[in-house]
Each structure stands twice: as C-alpha cells, then as structure tokens.
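Colleague: I have some time to go through this one with you. Could you walk me through it?

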Amino acid sequence: MGDEGEAAEKSPLLGEFLKEADESERKIIRTGTLWTAVAHVITGVIGSGVLSLGWSVAQLGWAGGPIALLFFAGVTLVQSSLLADCYRSPDPECGHIRNRSYMEAIKLNLGEKCLWVCGFFQHTGLFGCGVAYTITAATSMRAIKKSDCYHKEGHEAPCAYGDNFYMLMFGLVQIVFSQIPDFHNMAWLSILAAIMSFSYSFIGFALGIAKVIGNGRIKGGIGGIHVATPAQKVWRVSQALGDIAFAYPYSIILLEIEDTLKSPPPENKTMKKASMISIFITTFFYLCCGCFGYAAFGDDTPGNLLTGFGFYEPYWLIDFANACIVLHLIGGYQVYSQPVFSFVDRWFSAKFPNNGFVNNFYRIKLPLLPPYRLNLLRLCFRTLYVATTTGLAMFFPYFNQVLGLLGAFNFWPLAIYFPVEMYFIQRKIEPWTKGWIVLQSFSAVCLLVSIFALVGSVEGVLAEKLS
C-alpha cells in the first residue's frame, strides 16, 4: 500500500480511482468464469444483427459478402484483445486499479475530455441498441401472428399487422427485467438468451440449406443484387456494411463483462479466450445464415431472414424461431442497458450521497420469489429509459436502416479509436514505432469504412421516413 499511497498523492485522479476501487471491492463478489463470459458475449453479439446478414450478403454478393463478414470478425477479435488489457491498470494482469466499465477506462487512461466524447458515443450506442432490439422483438412477435395467418388463409392472404402493440408489450416486459440490479445478477438471463440465439440461428441456417436443396441450385451472383442505378447500389452496399458493423462489436460492454470474472487466472486472459471462442462461434453462424440466406433467395433475399417471409413452412418452426428471438432479445436488451443503469446509479449516488430517494433500499417480499431490494431512483429512471426506447422505436420502425445507422455511427469511435488509444497508454507504445504505425493504419482503414457505411445508412433512414 505504500507505493499506492505515494502514487495517489502525485496523481489526484489515481487517488480517486483507488478510493472508489477500495469501496467497491468490499461490496462485489466476482464469480464469473470463461463460460459465463462466453454466454454474456454471445448474448450481446448474436442479436438482431444476425437476421439482417442474408440481406447484407445479397447487397455485397458472393465476392464481397463473406469477405466483409470475415473482415469485421478479424477487427472485432483485435479490438477485443486490446480492450481486455485495459481492465486493470497500470499492469493488465496484476494492476491494483480495476476499470469496471468502458468509461472508467477512458477516464483513467485518456482523461476528462475524451470521457465526455466517449460517453456521448457509448450511451447513444447503448440506447440505440435498446431501440433496435425493441423493433426486432416486435417484428418477430408480429411474424408469429402472420405465420399462423398465412398457414390458415394461404400465402396470398392480406395478413397485415401493426408493430406498435408488440413494441408496447416488449417494453412492459423490459420494465420488469430492468429492475435486475446489475451484471452480477443476470448470468442466468444471459445463459438463457445465449441458448435462444443458438436456437434461432441454427433454425435460420437449416431453413436456408433446405431452401437451397429444394431450389436445386445456389442463387445469387458475384456482384450481388441488381438495382436500377449505380447510386442505389452504392447506398445499398454502404447500408450492408453498416448492418455487419452492428452485428459484431461488443466493446461497450466488454469491460463490464470482464468485471464479473473471478481470478486467478488473470481476468484479461480469461476475457481474451472468451472473446476468441465467442467470435469463432458467431462468425460460423453469421457465415451460415448470411450465405445460405442469399443462396436460398438470391435477389429476393428479405431484410429479416425469419420475419420477411421467404420461409412460410413449416409454420410451427418459424413460430418457434421467432419466439426464441423474442426471448433472446429480452436478455440482449438488458445486457446493453445495464452499463447505462450502472452509470446512472453511480453518478447519482456520488452526487447526492445523503438523498434517500437515491440511496435508500426497501425490502419487498414477493410470492415464490426471493426478497427484492427496491430503490426508487432505479424504478423511476429505468422505467423512463425503457419507455423512451419504446417510443423512439415506434417512431422509426425501420429494421435494416436503423441497424446500419447504429453500426456505422459507433463502430469506429467505440470499437476502434478508443481501444487503440488506451492500448498505447497501457503498453507505453511510443509514436512512430512499428506497433504504433500498424495500429494507426488499422484505425484509419476502419474509419474510412465507418464513414462510408454511415453516409449510406443515414440516406436509407431518411429515404424510408420520407417515402
């Protein structure tokens, strides 16, 4: 402790972190393992994005589609490895400061100015994921109703249903689940959601194979879907890249997941293994769903593989797959919302340490359930948060365009720029060294891809809203 105390005197920021770390360590018991981390990652990664990959591959074609999927997989593997080393400071394996969230790591390594910029992108991204998951869940619930209708009335029947009722239902469920205190209390939900994601991904994959076999040929072409003008092709390609960018990175929740892990072994080593396993699994499913979706439908590939009604039968399997999607998105929504909830809890607690509304807990005993500690701030803020994401989803219910916009907007700053810059600080990499040049080149390439995807995705959202 002598060295830590001396360091704290020299750096007020470091002293603040040491104090916060000491207080929090008394409250937290970390029991996470490699496999709970894999479950959290898969729950966060395999979400609504997987359903758009058939459409994305269709825009890029047999040449560009698989290459883009593998490119983003490689990028995600690199950035997750860089970020895993930022959990402990100053040493990635035995440092005495824990960065329990993405923003804590930014504050310690890059300072207050970067913290504000990062906070804007991170919380916009997390909020956007809540909107996207609400849209997707409502689409899947509506698809169950349509599937039953088509089975009874025929494939040409006018089975039209709105989304708003299903969005409200999903929002009500999320209000209840949003009262889960934090990541440490939701391993069971992530495991259930991960099982559901495997289930519907495998069903989409199997239905694609069956459709290809039924067709007797592989549809599609090297250049992808044919469109009327070159400009439309450019917009479609950029939206496809945005959708793929949305489907992969999970940097904004990586450190929260790493903070659940027990040690030894060092948390960064466990997290890197979990990331590698998760990315390998997700890439396999992404390639299968995306490529077989395009092979099955060619130019008619739907925007959402399981709700666009390329598949009608067996209707009960379509219903089951969409039910799995809804169950998965209940957990996925919470995985992406908990960092926001945790940030708000800590900020208000620090700002108003003596306020009963913020800090008091009330023990409530519900039938057949363990006692629950109710906090009024959590109840009010989290309910308002869910209501806001639900309202925005009802206003912009455009699946592919919203996913592309969110993916493109957050991909470079959160998944690339900040992890690279923090890695330079953590590893003390000097400018213009070989490692610095390689990582800066990597960052620059990803920036260009992100800008291209963002422009096309903005055009897609505006075009849908105005049409």
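Modeller: A definition to begin with: helices (H or I, at least four residues) and strands (E, at least two) are DSSP runs, numbered from the N terminus. For a cavity, a 1 Å grid is laid over the protein atoms alone, and a cavity is a set of points where a 1.4 Å probe fits but cannot get out, while lining residues have an atom within 4 Å of a point. This is a predicted model, in which local features need pLDDT of at least 70 and side-chain atom pairs count only at pLDDT 80 or more, whereas totals for chains, interfaces and linings use all residues. Residues are numbered from 1 along each chain as its sequence is written, and side-chain values use heavy atoms, with hydrogens and water left out.

Colleague: Which residues lie nearest the centre of the largest cavity?

Modeller: Cys 129, Phe 246, Pro 249, Ile 252 and Asn 410 lie nearest the centre, out of 20 residues that line the largest cavity. Two or more lining residues come from each of helix 3 (34-45), helix 6 (112-153), helix 9 (230-247), helix 10 (251-258) and helix 15 (399-427).

Colleague: And which helix gives the most to that lining?

Modeller: Helix 15 does, with six residues. By class, the lining of the largest cavity has 14 nonpolar, six polar and no charged residues, where Ala, Val, Leu, Ile, Met, Phe, Trp, Tyr, Cys and Pro count as nonpolar, Asp, Glu, Lys and Arg as charged, and the others, Gly among them, as polar.

Colleague: Switching topic, where does UniProt place the "transmembrane region" feature?

Modeller: The unreviewed UniProt entry places "transmembrane region" at several spans, including residues 276-295 and 437-458; its positions are given in the numbering used here, feature names are shortened, and annotations may be inferred rather than shown by experiment. In the model, residues 276-295 are 100% helix and 0% strand, with end C-alpha atoms 28 Å apart, and residues 437-458 are likewise 100% helix and 0% strand, with end C-alpha atoms 32 Å apart.

Colleague: How many disulfides are there?

Modeller: The count is zero disulfides, a disulfide being a pair of cysteine sulfur atoms within 2.5 Å. For Cys 118 the nearest cysteine sulfur is that of Cys 114, 8.6 Å away, and for Cys 289 it is that of Cys 288, 6.8 Å away.

Colleague: Is Cys 118 buried or exposed?

Modeller: Cys 118 counts as buried, at 0% relative accessibility, and Cys 289 is also buried at 4%. Buried means under 20% relative accessible area, exposed over 50%, and partly exposed in between (1.4 Å probe, protein chains only).

Colleague: What about salt bridges, how many does the structure hold?

Modeller: The structure holds eight salt bridges, each a side-chain nitrogen of Lys or Arg within 4 Å of a carboxyl oxygen of Asp or Glu. One of them joins Arg 346 and Glu 104 at 3.7 Å, N to O. Arg 346 lies in helix 12 (residues 315-351) and Glu 104 in helix 5 (residues 102-110), so this pair ties together parts that are 242 residues apart in sequence. Arg 346 is partly exposed at 29% relative accessible area, while Glu 104 is buried at 8%.

Colleague: Which residue forms a salt bridge with Arg 378?

Modeller: Asp 345 does, with the closest N and O atoms 3.2 Å apart; Arg 378 is in helix 14 (residues 376-395) and Asp 345 in helix 12, 33 residues apart. Asp 345 also forms a salt bridge with Arg 382, where the closest N and O atoms are 2.9 Å apart. Asp 345 is buried at 18% relative accessible area, as are Arg 378 at 14% and Arg 382 at 1%.

Note on methods: On a 1 Å grid over the protein atoms alone, a cavity is a set of points where a 1.4 Å probe fits but cannot get out, and a pocket is an open set with protein on both sides within 12 Å along at least five of seven lines; lining residues have an atom within 4 Å of a point.
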